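Subject: The structure I promised you

Hi,

Here is the structure I said I would pass on. Have a look at it first, then read on for what turned up in it.

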Amino acid sequence: MPWSLRESSCNNAYLPAECPNYTNWDLFTIKIHGGGEFNASSGAYVGGTYRYVDNCDVDEMSFLEVATMLEDAFGHVGYCEFSYKLPNIDVLSSISTDKDVLIMCTKLDLCRLVYVYVVTVNVEYTQEFQPSQQANLEYLDILKVDGLDDEEINVMLLENLA
């Protein structure tokens, strides 16, 4: 069964727990927080909202899967940084690769719940692209390149750049 985004109106469906009582140990829930940021002085995640993603399968998890969950939960949010922690443990770990997600899955405990925090990062470009920076390459006829070795092709390309 694939993961499912829980409706916000059902956030309290499993009280006092935050997730179903899974009988399959490959399944767990992610409480994904988006739209907030970490407070510089306290380190607490402030602002934003959260959604639950139930029936996550440890065997099918990847960084792309977590990013897809974020997009389904909050829509396109731009460039983001991901972190996670387990309930009752105050250690925050970064998620930026599939390996990080697999490590997260190996740390799941009996409660089968992990908190994922997402911070949208504003990317500022330091230099505006100018058309004059574009390489002025002439069209290279494939027939003229066919049969040439790499060095001869590089010489042709350099001549066209000059």
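Let's start in the sheet: strand 4 and strand 6 run antiparallel and are joined by six bridges. If you want a spot to look at there, find F82, which stands opposite V118 in strand 6. Keep in mind throughout that this is a predicted model.

Now step back to the whole chain. It has four helices and six strands, and going along the sequence they come in the pattern β-β-β-α-β-β-α-β-α-α. There are 162 residues, and 34% of them count as buried. For contacts between residues at least 6 apart in sequence, 62% join residues at least 24 apart.

With strand 2 (residues 27–38), strand 6 (residues 113–120) pairs in the parallel sense, over five bridges. To see this pairing on screen, look for H33, which stands opposite Y117 in strand 6.

Is strand 6 enclosed or open to the outside? Seven of its eight residues are buried, so strand 6 is largely enclosed by the rest of the structure.

**Helices on the sheet**

S62 is worth a click. You'll find S62 in the loop between strand 3 (45–57) and helix 1 (63–74). Its relative accessibility is 17%, and because buried means under 20%, S62 counts as buried. What does the side chain of S62 reach? The answer is the backbone nitrogen of E65, at 3.1 Å. Leaving aside residues up to four places away in sequence, S62 touches D98 and V101.

**Aromatic rings**

The structure holds five aromatic pairs. One of them is F38 with Y45, an edge-to-face pair with 5.2 Å centre to centre and 75 degrees between the planes. F38 is partly exposed, with a relative accessible area of 28%, while Y45 is buried at 15%.

Another is F63 with F82, also edge-to-face, with 5.2 Å centre to centre and 80 degrees between the planes. Why is this pair worth a look in the sequence as well? F63 lies in helix 1 and F82 in strand 4, so the pair ties together parts that are 19 residues apart in sequence. F63 is partly exposed, with a relative accessible area of 23%, and F82 is buried, with 6%.

There is a cluster to look for as well: F38, Y45 and Y117 form one aromatic cluster. Y117 is the residue in strand 6 that H33 stands opposite.

**Charges over rings**

The charged end of R6 sits over the ring of Y52, 4.1 Å from its centre. K31 lies over the face of Y50, at 4.3 Å from the ring centre.

**After strand 6**

Last stop: V121, in the loop between strand 6 and helix 3 (142–145). Is V121 buried or partly exposed? V121 is partly exposed, with a relative accessible area of 25%. V121 and G78 are 43 residues apart in sequence, yet 7.7 Å apart in space, C-alpha to C-alpha. Not counting residues up to four places away in sequence, V121 touches Y79, C80 and E81.

Cheers

Definitions and conventions:
Residues are numbered from 1 along each chain as its sequence is written. This is a predicted model: local features need pLDDT of at least 70, side-chain atom pairs count only at pLDDT 80 or more; totals for chains, interfaces and linings use all residues. Side-chain values use heavy atoms; hydrogens and water are left out. Helices (H or I, at least four residues) and strands (E, at least two) are DSSP runs, numbered from the N terminus. Buried means under 20% relative accessible area, exposed over 50%, partly exposed in between (1.4 Å probe, protein chains only). A polar contact is a pair of N or O atoms within 3.5 Å; within protein, one must be able to donate a hydrogen and the other to accept it, and residues adjacent in sequence count only if both atoms are side-chain atoms. Contact means heavy atoms within 4.5 Å. Two strands pair if DSSP finds at least two bridges between them. Rings of Phe, Tyr and Trp (its six-membered ring) pair if their centres lie within 6.5 Å; planes under 30 degrees apart count as stacked, over 60 as edge-to-face and the rest as tilted. A charge sits over a ring if NZ of Lys or CZ of Arg is within 6 Å of the ring centre and within 35 degrees of the ring normal.
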